[in-house]
Amino acid sequence: MAKAAEIELKAHVGNSNTCKKTLDVLAGEGTAFSKDDSYWFAPAVLHYFSGPRVRQETKEKSTKTLVTWKNKQKRGELEVNDEHELEVSNGKEFEKLLVLLGLEKQTVKHKQGWSWHYNEITIELCEVSGSVKKSFKKNSPAKQGRVKNLGWFLELEIIADDTSDTTIVLARDRLLAVLEQAGVGNENIESRYYTEMLAE
(Lines give C-alpha, C1' and ligand atoms only; values in the text may rest on other atoms or scores of the structure.)
Protein backbone atom coordinates (compact mmCIF):
# COMPACT_ATOMS: atom_id res chain seq x y z
CA MET A 1 0.00 0.00 0.00
CA ALA A 2 1.33 3.41 -1.01
CA LYS A 3 1.18 6.48 1.22
CA ALA A 4 2.25 9.93 0.15
CA ALA A 5 1.95 13.60 1.00
CA GLU A 6 0.64 15.35 -2.08
CA ILE A 7 0.84 19.08 -2.69
CA GLU A 8 -1.37 20.02 -5.63
CA LEU A 9 -2.42 23.04 -7.62
CA LYS A 10 -4.93 23.22 -10.46
CA ALA A 11 -6.03 25.97 -12.83
CA HIS A 12 -8.59 26.47 -15.57
CA VAL A 13 -7.22 26.32 -19.11
CA GLY A 14 -8.86 28.32 -21.88
CA ASN A 15 -7.07 26.81 -24.89
CA SER A 16 -6.07 23.19 -24.28
CA ASN A 17 -4.35 22.79 -27.67
CA THR A 18 -2.04 25.74 -27.08
CA CYS A 19 -1.30 24.58 -23.54
CA LYS A 20 -0.48 21.05 -24.73
CA LYS A 21 1.94 22.34 -27.38
CA THR A 22 3.68 24.48 -24.76
CA LEU A 23 4.00 21.53 -22.37
CA ASP A 24 5.26 19.21 -25.13
CA VAL A 25 8.08 21.69 -25.75
CA LEU A 26 8.76 22.14 -22.03
CA ALA A 27 8.62 18.52 -20.87
CA GLY A 28 8.59 16.28 -23.95
CA GLU A 29 5.64 14.61 -25.61
CA GLY A 30 2.77 13.97 -23.22
CA THR A 31 1.26 10.56 -22.49
CA ALA A 32 -2.49 10.17 -23.10
CA PHE A 33 -4.58 8.90 -20.18
CA SER A 34 -8.13 8.49 -18.95
CA LYS A 35 -9.34 8.11 -15.37
CA ASP A 36 -12.80 7.07 -14.19
CA ASP A 37 -13.40 7.78 -10.51
CA SER A 38 -16.25 6.84 -8.20
CA TYR A 39 -16.50 8.33 -4.71
CA TRP A 40 -18.16 6.25 -2.00
CA PHE A 41 -19.69 7.54 1.22
CA ALA A 42 -21.50 6.18 4.24
CA PRO A 43 -24.79 8.12 4.57
CA ALA A 44 -24.56 8.51 8.36
CA VAL A 45 -21.19 10.27 8.15
CA LEU A 46 -21.39 11.88 4.73
CA HIS A 47 -20.20 15.29 5.93
CA TYR A 48 -17.46 14.02 8.24
CA PHE A 49 -15.69 11.28 6.33
CA SER A 50 -14.05 11.47 2.94
CA GLY A 51 -14.88 7.99 1.72
CA PRO A 52 -12.75 5.89 -0.62
CA ARG A 53 -12.26 6.70 -4.28
CA VAL A 54 -12.18 3.82 -6.74
CA ARG A 55 -10.28 4.76 -9.90
CA GLN A 56 -9.95 2.88 -13.15
CA GLU A 57 -6.92 4.36 -14.88
CA THR A 58 -5.89 3.69 -18.46
CA LYS A 59 -2.46 4.78 -19.63
CA GLU A 60 -0.31 3.50 -22.47
CA LYS A 61 -2.85 0.72 -23.23
CA SER A 62 -2.64 -0.55 -19.65
CA THR A 63 -5.55 -0.40 -17.18
CA LYS A 64 -5.41 -0.71 -13.41
CA THR A 65 -7.82 -0.13 -10.51
CA LEU A 66 -6.64 1.99 -7.58
CA VAL A 67 -8.43 2.55 -4.28
CA THR A 68 -7.52 5.81 -2.53
CA TRP A 69 -8.53 7.58 0.65
CA LYS A 70 -7.20 10.94 1.77
CA ASN A 71 -6.98 13.31 4.69
CA LYS A 72 -7.51 16.57 2.81
CA GLN A 73 -6.45 20.09 3.70
CA LYS A 74 -6.66 23.38 1.84
CA ARG A 75 -3.81 25.83 2.31
CA GLY A 76 -4.71 28.87 0.27
CA GLU A 77 -4.94 27.81 -3.36
CA LEU A 78 -3.07 24.56 -2.64
CA GLU A 79 -4.54 21.17 -1.86
CA VAL A 80 -2.44 19.19 0.62
CA ASN A 81 -3.32 15.53 1.00
CA ASP A 82 -2.13 12.72 3.23
CA GLU A 83 -2.95 10.00 0.72
CA HIS A 84 -3.26 6.23 1.12
CA GLU A 85 -3.54 4.07 -1.97
CA LEU A 86 -3.69 0.42 -2.92
CA GLU A 87 -4.21 -1.46 -6.15
CA VAL A 88 -6.97 -4.08 -6.43
CA SER A 89 -7.21 -6.77 -9.06
CA ASN A 90 -11.00 -6.53 -9.50
CA GLY A 91 -12.64 -3.13 -9.07
CA LYS A 92 -16.20 -4.40 -9.54
CA GLU A 93 -15.82 -6.98 -6.79
CA PHE A 94 -14.30 -4.37 -4.48
CA GLU A 95 -17.28 -2.08 -5.10
CA LYS A 96 -19.61 -4.95 -4.14
CA LEU A 97 -17.75 -5.07 -0.81
CA LEU A 98 -18.31 -1.33 -0.33
CA VAL A 99 -22.05 -1.84 -0.86
CA LEU A 100 -22.07 -4.65 1.72
CA LEU A 101 -20.31 -2.28 4.15
CA GLY A 102 -23.15 0.21 3.73
CA LEU A 103 -21.46 2.72 1.43
CA GLU A 104 -23.06 4.28 -1.63
CA LYS A 105 -21.58 5.67 -4.82
CA GLN A 106 -22.24 9.40 -4.53
CA THR A 107 -20.11 11.03 -7.23
CA VAL A 108 -18.60 9.86 -10.51
CA LYS A 109 -15.90 11.75 -12.36
CA HIS A 110 -14.15 11.29 -15.69
CA LYS A 111 -10.80 12.82 -16.61
CA GLN A 112 -8.97 12.49 -19.90
CA GLY A 113 -5.97 14.24 -21.30
CA TRP A 114 -2.18 14.06 -21.21
CA SER A 115 0.45 13.78 -18.51
CA TRP A 116 4.11 14.74 -18.15
CA HIS A 117 6.86 14.48 -15.53
CA TYR A 118 9.03 17.57 -15.27
CA ASN A 119 11.54 18.45 -12.54
CA GLU A 120 9.88 15.97 -10.13
CA ILE A 121 6.47 17.52 -10.78
CA THR A 122 3.58 15.54 -12.25
CA ILE A 123 1.70 17.60 -14.81
CA GLU A 124 -1.73 16.69 -16.15
CA LEU A 125 -3.73 18.59 -18.74
CA CYS A 126 -7.21 17.16 -18.60
CA GLU A 127 -10.87 17.65 -19.40
CA VAL A 128 -13.08 16.90 -16.40
CA SER A 129 -16.73 15.86 -16.27
CA GLY A 130 -18.97 13.96 -13.87
CA SER A 131 -22.18 13.84 -11.89
CA VAL A 132 -23.49 13.71 -8.33
CA LYS A 133 -26.53 11.87 -7.01
CA LYS A 134 -29.51 14.17 -6.51
CA SER A 135 -30.41 12.76 -3.11
CA PHE A 136 -28.51 10.76 -0.57
CA LYS A 137 -30.57 9.15 2.17
CA LYS A 138 -30.10 5.76 3.73
CA ASN A 139 -32.44 3.10 2.33
CA SER A 140 -33.76 5.59 -0.22
CA PRO A 141 -33.06 5.32 -3.95
CA ALA A 142 -31.17 8.19 -5.50
CA LYS A 143 -30.76 9.01 -9.16
CA GLN A 144 -27.45 10.07 -10.63
CA GLY A 145 -27.60 13.73 -11.67
CA ARG A 146 -26.93 15.01 -15.15
CA VAL A 147 -23.37 14.88 -16.43
CA LYS A 148 -21.62 18.21 -15.99
CA ASN A 149 -18.56 19.22 -18.01
CA LEU A 150 -16.21 21.35 -15.91
CA GLY A 151 -13.85 22.12 -18.81
CA TRP A 152 -10.07 21.84 -19.11
CA PHE A 153 -7.62 22.07 -16.23
CA LEU A 154 -3.89 22.02 -15.69
CA GLU A 155 -3.01 19.99 -12.58
CA LEU A 156 0.43 20.17 -10.97
CA GLU A 157 1.53 17.86 -8.16
CA ILE A 158 4.58 17.41 -5.98
CA ILE A 159 5.08 14.38 -3.72
CA ALA A 160 6.65 15.60 -0.49
CA ASP A 161 8.16 13.95 2.57
CA ASP A 162 6.24 16.22 4.93
CA THR A 163 3.69 19.05 4.99
CA SER A 164 5.59 21.57 7.07
CA ASP A 165 5.13 25.27 6.32
CA THR A 166 8.60 25.44 4.77
CA THR A 167 7.89 22.49 2.48
CA ILE A 168 4.55 24.00 1.43
CA VAL A 169 6.08 27.39 0.60
CA LEU A 170 8.88 25.86 -1.48
CA ALA A 171 6.44 23.56 -3.29
CA ARG A 172 4.07 26.45 -4.00
CA ASP A 173 6.87 28.47 -5.60
CA ARG A 174 7.85 25.54 -7.82
CA LEU A 175 4.26 24.86 -8.87
CA LEU A 176 3.59 28.52 -9.68
CA ALA A 177 6.78 28.66 -11.76
CA VAL A 178 5.62 25.70 -13.89
CA LEU A 179 2.14 27.22 -14.18
CA GLU A 180 3.75 30.35 -15.62
CA GLN A 181 5.94 28.31 -17.98
CA ALA A 182 2.79 26.58 -19.24
CA GLY A 183 1.30 29.96 -20.10
CA VAL A 184 -1.50 29.83 -17.51
CA GLY A 185 -2.06 32.89 -15.32
CA ASN A 186 -2.44 32.80 -11.54
CA GLU A 187 -5.93 34.26 -11.90
CA ASN A 188 -7.05 30.92 -13.36
CA ILE A 189 -6.15 28.94 -10.23
CA GLU A 190 -9.10 26.93 -8.87
CA SER A 191 -9.14 26.14 -5.14
CA ARG A 192 -12.37 24.13 -5.05
CA TYR A 193 -12.35 20.33 -5.22
CA TYR A 194 -13.80 18.82 -8.38
CA THR A 195 -16.44 17.10 -6.25
CA GLU A 196 -17.53 20.51 -4.92
CA MET A 197 -17.75 21.91 -8.43
CA LEU A 198 -19.79 18.95 -9.65
CA ALA A 199 -22.19 19.30 -6.71
CA GLU A 200 -22.89 22.99 -7.34
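**View 1. Packing of helix α2 against the surrounding strands.** Strands β2 (31-41), β3 (53-59), β4 (62-75), β5 (78-88) and β6 (104-118) are packed against by the buried residues of α2, contact meaning heavy atoms within 4.5 Å. In this helix (residues 91-100), the buried positions are G91, E95 and L98. They lie on the same side of α2 because they cover an arc of only 50 degrees around the axis. Buried denotes under 20% relative accessible area, exposed over 50%, and partly exposed in between (1.4 Å probe, protein chains only). The model is predicted: local features need pLDDT of at least 70, side-chain atom pairs count only at pLDDT 80 or more, and totals for chains, interfaces and linings use all residues. Residues are numbered from 1 along each chain as its sequence is written, and side-chain values use heavy atoms, with hydrogens and water left out.

**View 2. The two ends of helix α2.** At the start of α2, the backbone nitrogen of K92 has a side-chain oxygen of N90 within 3.2 Å. Just after the helix, G102 adopts a positive phi of about 95 degrees.

**View 3. Residue K21 of helix α1.** K21 belongs to α1 (residues 16-27); helices are DSSP runs of H or I with at least four residues, and strands are runs of E with at least two, numbered from the N terminus. The residue is exposed, with a relative accessible area of 60%. Although K21 and A182 are 161 residues apart in sequence, their C-alpha atoms are 9.2 Å apart in space.

Terms used: Arc of directions from axis to C-beta. Polar contact = N/O pair within 3.5 Å; in protein donor to acceptor, adjacent residues only side chain to side chain.
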